[in-house]
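Please study the sequence and the structure shown below. The paragraphs that follow lead from a sheet to its helices and then to individual residues.

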Amino acid sequence: MTTQPDIVIIGSGIGGSTIAAALAGSGARIVILERGERLPDTPETRSYRSIFVDGHFRPKEMWREPDGTAFNPGNFYFVGGNSKLFGAVLLRYRAEDFTEMQHLGGVSPAWPFPYEELEPWYGKAERLFEVRGELGQDPTEPHHSTPYPHGPVPDEPAIARARAELKAQGLNPATLPLGVDIDTWLAGGRTPWDGFPNAGKGKKDAETAPLAAALLDPDITLVTSAHVDTLEAGPDGRITAIHYTHGGERKRLSPKLVILSAGAINSAAILLRSGDGKGLANGSDQVGRNFMNHNCSAMLAINPFRRNDSIYQKTLMLNDYYLTGGRDGLPLGNVQLLGKINGDILKANAPAYAPRFALDFMAGHAIDWYMMTEDLPNPESRIMVDGKGIIMQWRRSNMEALSGLEAKMRAHFKAAGYPIVLTQPFDKRTPSHQCGTVRMGLDPASAPLDPYCRAFDHSNLYVVDGGCLPTSAAVNPALTIAAQALRVADHIRTKELSA
């Protein structure tokens, strides 16, 4: 590239694509570097076996634990990033999540700004992703100054029945806000979404929503198969170059502004590899630290006398125990439906001797739930790099909340007429809700980024992805990442591009 861009965005996931969409029309020449390619529509996109047994879409790379144990991570490298396989749940953090909160496992710190600061940007993000939802059902729902753009995705019959059964127990089941064009979906692939890649048939992910909008601007260019290796800083601290590999060649760009949006783990890894191996943006010694990934488990509520023939069942959540319910009234977490499982998914997690007919029977008579509790920031929960690649040291926290939430819901499901309730923890090394590692703060001694995600150490570097989040809360982080990206883009337009 002979003419240097004004801005380079590294990564096309939720953060990178959303900030690109918000900068469209600014007149800035923007290049988006994405290490993956567009995900093609192949038979594997609709195959339970390909996805959950064969791991068809998982990356070829291996990461390691501190003891050297290698594992294949749950990161996905496509245009749109991890959102290509997300469940399209677009929930706001609760207002309380922005404040200091005591949990069973410790304290979740306050954000550098309150919920009210991000609230209008949440509404703009909901419009960008065309969220379908309904207000007034969830007692923990924070203030919305704008309604959802579309009405909710309706419950299928088995889920409508489950909603009524939970409501009869005095609970407050609420509709999940979803980035799903249900009519297009029904005419397309007919997959239950969770874990299924989106080949453009109804899911509003980073590629199909903000990136599609961004690329309408002729000044914005997407370069795929561009693997960013390191950043380079000059004596004044400004980032002077991005070094990346494209088409087997080592290349370099020198924009005026760099926006790093490679995801919490890879953004931290890029920074730690940079600066001749000494790291960048790390005057606080916090880059890579405070890695968080929700504590999660699947719970199958089974009634052997009632089939669940739902296809798109992921329309319901429960937050009655989000702010209370634990020992001493402390918070537990969020409960929401999973996409409908089948025997292939159960087989991937069952003993080899488990008969397939039994697994198919269980799947056909189960309603599939997802328990999610907050993981707390810990400097020793961290991402590291060496000459061999990424090392993930996850120090799980607040596990008492997860076991408490499981106990509460097991009792509720049995009381609702599901005599068999099975629980399966999620693989701790699958960072689907990764956050922390390059967090925002008010003090450069304890945080790499200021509240607008600009690096304290580098005046032309922003980090806009899950890595900037100071806390994980106990809901899906995608909408919060998008809202903060819109807020940061507005700051860049007024403070950087107008200067």
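The account begins with an open sheet of five strands, ordered S8-S2-S1-S12-S22 and paired in parallel. Strands (E, at least two residues) and helices (H or I, at least four) are DSSP runs numbered from the N terminus, and two strands pair if DSSP finds at least two bridges between them. The edges are formed by strand S8 (220-223) and strand S22 (461-463), each of which pairs on one side only. From one strand to the next, the twist averages 15 degrees; angles run from 0 to 180 degrees between N-to-C directions, and axes are lines fitted to C-alpha atoms, for helices over the stretch in contact. This is a predicted model, in which local features need pLDDT of at least 70 and side-chain atom pairs count only at pLDDT 80 or more, while totals for chains, interfaces and linings use all residues. Residues are numbered from 1 along each chain as its sequence is written, and side-chain values use heavy atoms, with hydrogens and water left out.

Helix H1 (residues 14-23) touches strand S1 (7-10), strand S2 (30-33), S8 and S12, where contact means heavy atoms within 4.5 Å. The direction of H1 makes about 155 degrees with that of S1. Helix H11 (residues 478-497) lies across S1, S12 and S22, and runs at about 170 degrees to S22.

How is the packing of two helices described? The angle between their axes and the distance between the axes are used. Helix H3 (residues 115-128) packs against H11 at an angle of about 110 degrees, with the axes 8 Å apart. H3 is therefore roughly perpendicular to H11, a term for angles of 65 to 115 degrees. Among the residues in this contact are Trp121 and Tyr122 of H3, and Leu479 and Leu486 of H11.

Glu117 and Arg487 also take part in that contact, and their side chains meet in a salt bridge (2.9 Å, N to O). A salt bridge is a side-chain nitrogen of Lys or Arg within 4 Å of a carboxyl oxygen of Asp or Glu. Because Glu117 lies in helix H3 and Arg487 in helix H11, the pair ties together parts that are 370 residues apart in sequence. The whole structure contains 27 salt bridges.

Definitions and conventions:
Parallel < 35°, antiparallel > 145°, perpendicular 65-115°, else oblique.
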